[in-house]
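Subject: Structure for you to look through

Dear colleague,

I am handing over the structure that we talked about, and below it you will find some notes on what turned up in it. Please read them with the structure open beside you.

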Amino acid sequence: MDPIHAIRGMNDLLPGQSARWQLVEETARSVLERYGYREIRTPVVEDTRLYQRSIGETTDIVEKEMYTFPDRKGKLLTLRPEGTAGVVRAVLEHKLLNEDRAPKVYYLGSMFRYERPQKGRYRQFYQIGAEAFGVSDALLDAEMIAMAWRFLAELGLSGLEVRLNSLGEAASRTAYREKLVEALRPHTAALCADCQRRYEQNPLRVLDCKVEGCKALAATLPNIAESLTEADRKHLADVEETLHDLGITYRVDPQLVRGLDYYTRTIFEVSAASSELGTQNTVVGGGRYDNLVEQLGGPPTPAVGFAFGVERLVLLLGEKAKPQQPRVFVAALGHPARRWAIRTVEALRAAGASAEMEYEAKSLKAQLRRADKIGARITLVCGDGELSRGFAQMKHMQGGGQRDLPLADVVAATLTALNASV
Ligand code: HAM
């Protein structure tokens, strides 16, 4: 029979790797909750129209990368390619804006994009995202960047660069669109087929095209900075001022664009200089999306958010991982001793320790090998002889010391020894 493999671009996370993921996820929860964000979980599958209306019909994501399929009744569904649209839908559906005028939420979960897989780019990948609603002041944009930065700092990641830009409000983008169309007009024949269409429908998307010829042309086009309204310039200056106050180093990059259509005003990305990630070196991307809530049928509500790519963070972390709890192994010889062993591991676990035993009747040597293999800090050894005399032996696996303990003291003495060894 043909073996069945995982789908290309979709990876298994194996037990040997999970401590690094846990470090990322637990650090994220800790940081985000300190800034007042609370967890939200939305479905992995949504109505396809949600993404068409939010990410934008002419984006690469909607045009080429969505996993879209009809359900059994023919309704078009899509595996979420990102988290923001689903969060906005949920916020509106559950009227969260009525309960709190400025809700802050975060999420962890898998996203799906049919991209060409390579290091740091997958078809199923994980994001940690945060979204804050109801505030248009630039203080929140800057705090969002500070929060991303603190998370990276607490993971111990350095050598990262924050890039910032403003895409302006609608008036700025309308003015910019006209300038772009004019600048692109003499070059339309050189554009890829997608961009020829985008030139008509949404010329700003040409700036984000991945095709080499279009990329080279995009670099010569006017950028949005000159088209920003006074209010937009002030907003960007305010974000910068607060970043200074918070001690965050950044670079304004007027060429920075994003792959999703919903952004207004502030956009930002943080990328790693490390060669570990190669070209897929953006670890977090985000920005303001002041029109999206209204676009999806809600009241006019400003919002700002970001999302981290977890695989990319894990690649940058290298060997750093969540420290594992020290473990105890109980080796028993003979039936009565094995019954004592299962009660003892249970009592140790109830007291908060991580404890295991050998379930099959095996030789002492085999059991000690197992204790070594699982990295036990302490092994308790008890045979029927010891049991009848009322004691067990405690072995320190690293230091090599050992001593006899009365059975009644085993749990307390093991916990004390574990704490002393941490
Ligand atoms: P995005 O830039 O499309 O933004 O994705 C955010 C991050 O997800 C990227 O910087 C990258 O680290 C990671 N990522 C994206 N695609 C892949 C992939 N194929 N494989 C591995 N990692 C990937 C968004 O998704 C927006 N929803 C962010 C946001 C939230 N804006 C406002 N709120």
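His-5 lies in the segment before α1, where helices (DSSP runs of H or I, at least four residues) and strands (runs of E, at least two) are numbered from the N terminus. His-5 is exposed, with a relative accessible area of 61%; here exposed means over 50%, buried under 20%, and partly exposed in between, using a 1.4 Å probe and protein chains only. Between the C-alpha atoms of His-5 and Glu-154, which are 149 residues apart along the chain, the separation is 36 Å.

Please keep in mind that this is a predicted model, in which local features need pLDDT of at least 70 and side-chain atom pairs count only at pLDDT 80 or more, while totals for chains, interfaces and linings use all residues. Residues are numbered from 1 along each chain as its sequence is written, and side-chain values use heavy atoms, with hydrogens and water left out.

The rest of my notes concern charged pairs. Side chains of opposite charge can pair when their charged atoms come close. A search of the whole structure finds 31 salt bridges, a salt bridge being a side-chain nitrogen of Lys or Arg within 4 Å of a carboxyl oxygen of Asp or Glu.

One of these joins Lys-322 to Glu-26, with the closest N and O atoms 3.3 Å apart. This pair links distant parts of the chain, since Lys-322 sits in the loop between α12 (310-317) and β12 (327-333) and Glu-26 in helix α1 (residues 15-34), 296 residues apart. Lys-322 is partly exposed at 26% relative accessibility, and Glu-26 is partly exposed at 41%.

Lys-64 and Asp-194 also meet in a salt bridge, at 2.9 Å from N to O. Because Lys-64 lies in helix α3 (residues 60-65) and Asp-194 in helix α8 (residues 193-201), the pair ties together parts that are 130 residues apart in sequence. Lys-64 is partly exposed at 43%, whereas Asp-194 is buried at 19%. Both residues belong to a network of salt bridges, whose members include Asp-60, Glu-63, Arg-197 and Asp-261.

Finally, Glu-143 forms a salt bridge with Lys-104, and their closest N and O atoms are 3.7 Å apart. Here helix α6 (residues 138-154), which holds Glu-143, is linked to strand β5 (residues 104-112), which holds Lys-104, the two residues being 39 residues apart.

Best wishes
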